[in-house]
Amino acid sequence: MATYFNEEFETLPRPALEALQLTRLRNALERVYATVPFYRASFDMAGIRPGDVKSLEDLQRLPFTTKQDMRDSYPYGLFAAPLEEIVRIHASSGTTGKPTVVGYTHKDIEVWSELMARSFVAAGAHRGDIIHNAYGYGLFTGGLGAHYGAERLGASVIPISGGNTRRQIMIMQDFGSTVLTCTPSYSLFMAEEARAEGVDIRDLKLRVGIFGAEPWSEAMRGEIEDKLNLDAIDIYGLSEIMGPGVAIECIEAKHGLHIWEDHFIPEIINPETGELLPVGETGELVITTITKQGIPLIRYRTRDVTSLTYEPCVCGRSHARITRMSGRSDDMIIVRGVNVFPSQIESVLVGIEGVEPHYLLIVDRHDNLDTLEVQVEVDERLFSDEVKVLQSLARRIEKEIKDMLGVTCKAKLVEPRTIQRSEGKAQRVIDKRKL
Ligand code: DLL
């Protein structure tokens with residue numbers, strides 16, 4: 001028998017769940033129409049009023065919201081609550097160097113904590129667990145999101161955040177951590193570092209790992225479970241919608257991630273045409289938040305590619321499942337958990353004298369750690385210059401990218417006209433990671 005954090009809502013029969021969704025959706029639409037000028041304008045343009053939405057199917061008649069819309073209203077334009085009611089602000093990188101900003105009311109934090117607590121229980125965690133939370137604390141939602149959920153559950157949380165891997169291993173060993181939360185790639189890096197320290201991470205008390213924030217594969221799950229001797233669970237989320245805990249696998253099935261449908265309505269669309277796809281087909285995930293107060297989003301295009309199933313699950317949860325994310329429909333790459341758009345790197349490069357705007361990003365994974373190489377052409381005059389000059393240029397590029405985007409890379413300067421030109425879409429990224 002599965003255990004639940006909130007049995008009533010997690011197992012709500014489909015008709016009751018859908019009735020609840022419709023009531024909450026209609027309230028959310030009234031709220032955004034009344035408080036957010038962007039929604040009033042976009043609904044008016046589409047010729048639809050909140051009151052016209054009489055069934056869940058009517059959701060399709062509403063326009064989408066995109067990351068661009070969030071950017072255009074930077075920083076607080078899409079907030080539906082006054083700043084006096086906002087108790088937390090998070091942000092994630094966007095294409096323009098300006099982050100995407102989200103705000104939470106007290107109630108939003110409560111809901112998020114509950115959904116993360118539900119997620120922990122679905123993953124097999126419980127009170128008495130020692131949760132080693134190595135997601136980054138800060139503007140990124142991973143650290144604080146998991147932290148509040150762990151406290152809500154009543155487990156003991158270690159707010160270790162990311163970095164200083166050797167210390168992490170010592171703490172896991174000495175404190176007897178039973179649950180590990182971090183990106184999947186970082187968990188493998190920890191295993192490597194532990195081995196280098198003469199520690200077999202398989203011997204620690206870790207029982208469950210809750211991994212997300214970047215794409216990973218079934219093959220990688222196998223490797224992690226083997227190397228760390230734990231159950232590896234996939235968790236999904238995005239800051240725009242909430243943060244971690246939008247969807248999670250249950251430990252009973254490890255087959256698809258339950259999306260908490262009493263708070264979110266998922267749809268799958270064809271990313272080219274925007275048309276709704278039949279259930280089961282793969283496309284772009286669109287999410288409508290139906291209880292959020294700070295920044296409710298209507299039909300938000302996540303750019304993440306997946307499919308939906310409403311098949312009953314062995315765990316007894318009635319909430320739909322999304323399949324493991326198979327990628328993104330835009331060009332964002334995720335390097336060690338940091339979201340990076342090629343255009344962000346481009347804007348750093350174009351600001352540096354002596355560098356041409358022809359570049360290629362090569363993402364790879366060595367010793368379980370993502371690496372990013374930035375190949376960029378330098379101008380003719382500079383290329384014939386001394387090695388010292390070129391080296392200092394390369395270091396400067398690496399530093400500016402690190403300062404601006406928070407991601408470590410290796411800059412490789414190449415001769416003019418050596419990077420392949422394209423007549424159509426330029427290929428800016430070569431991702432060699434085998435996920
Ligand atoms: O990554 C929130 C999070 C933190 C999720 C910790 C899970 C664990 P953002 O920084 O806004 O938020 O990045 C969101 O990361 O649109 C996906 O492209 C990707 N992503 C998140 N989880 C997964 C996953 C957090 N399990 C973006 N599988 C999303 C694949 C994921 N991609």
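Reply: The account below starts with helix α9 and then follows the parts around it.

The model is a predicted one, in which local features need pLDDT of at least 70 and side-chain atom pairs count only at pLDDT 80 or more, while totals for chains, interfaces and linings use all residues. Residues are numbered from 1 along each chain as its sequence is written, and side-chain values use heavy atoms, with hydrogens and water left out.

Helix α9 spans residues 218-228; helices (H or I, at least four residues) and strands (E, at least two) are DSSP runs, numbered from the N terminus. Its buried residues are Met-220, Arg-221, Ile-224 and Leu-228. Here buried means under 20% relative accessible area, exposed means over 50%, and partly exposed lies in between, with a 1.4 Å probe and protein chains only. These four residues share one side of α9, because the arc they cover around the axis is only 105°; the arc is that of the directions from the helix axis to the C-beta atoms. Just after the helix, Asn-229 takes a positive phi of about 55°.

The buried residues of α9 pack against β5 (179-182), α8, β6 (208-212), β7 (231-238), β8 (243-249) and β18, where contact means heavy atoms within 4.5 Å. One of the buried residues, Arg-221, also belongs to a network of salt bridges that links it with Glu-218, Asp-234, Glu-249 and Arg-324. A salt bridge is a side-chain nitrogen of Lys or Arg within 4 Å of a carboxyl oxygen of Asp or Glu. The structure holds 31 salt bridges.

The next topic is the boundary between domains. The domain assignment gives domain 1 (1-330) and domain 2 (333-431); such bounds come from an automatic or database domain assignment. The C-alpha centres of the two domains lie 32 Å apart. In contact across the boundary are 15 residues of domain 1 and 12 residues of domain 2. The area buried between domain 1 and domain 2 is about 1,200 Å², and carbon and sulfur atoms give 56% of that area; buried area is the accessible area (1.4 Å probe) that two parts lose on being put together, summed over both. One residue pair is in polar contact between the domains, both residues being at pLDDT 80 or more. A polar contact is a pair of N or O atoms within 3.5 Å; within protein, one must be able to donate a hydrogen and the other to accept it, and residues adjacent in sequence count only if both atoms are side-chain atoms. On the side of domain 1 that touches domain 2, α8 (184-196) and α9 each supply at least two residues. Helix α8 gives the most to that side, with four residues.

Strand β18 (355-366), against which α9 packs, is also one of the elements packed against by the buried residues of helix α10. In α10 (342-350), the buried residues are Pro-342, Gln-344, Ile-345, Val-348 and Leu-349. They lie on the same side of α10, because they cover an arc of only 160° around the axis. Besides β18, they pack against β17 (338-340), β19 (369-378), α12 (387-405) and β21 (429-431).

Within β18 lies Arg-365, which is buried, with a relative accessible area of 19%. Its side chain makes a polar contact with the side chain of Asp-370 at 2.6 Å, and the two residues also form a salt bridge. Asp-370 forms a salt bridge with Arg-433 as well, with the closest N and O atoms 3.1 Å apart. Arg-433 lies in the segment after β21 and Asp-370 in strand β19, so this pair ties together parts that are 63 residues apart in sequence. Both Arg-433 and Asp-370 are buried.
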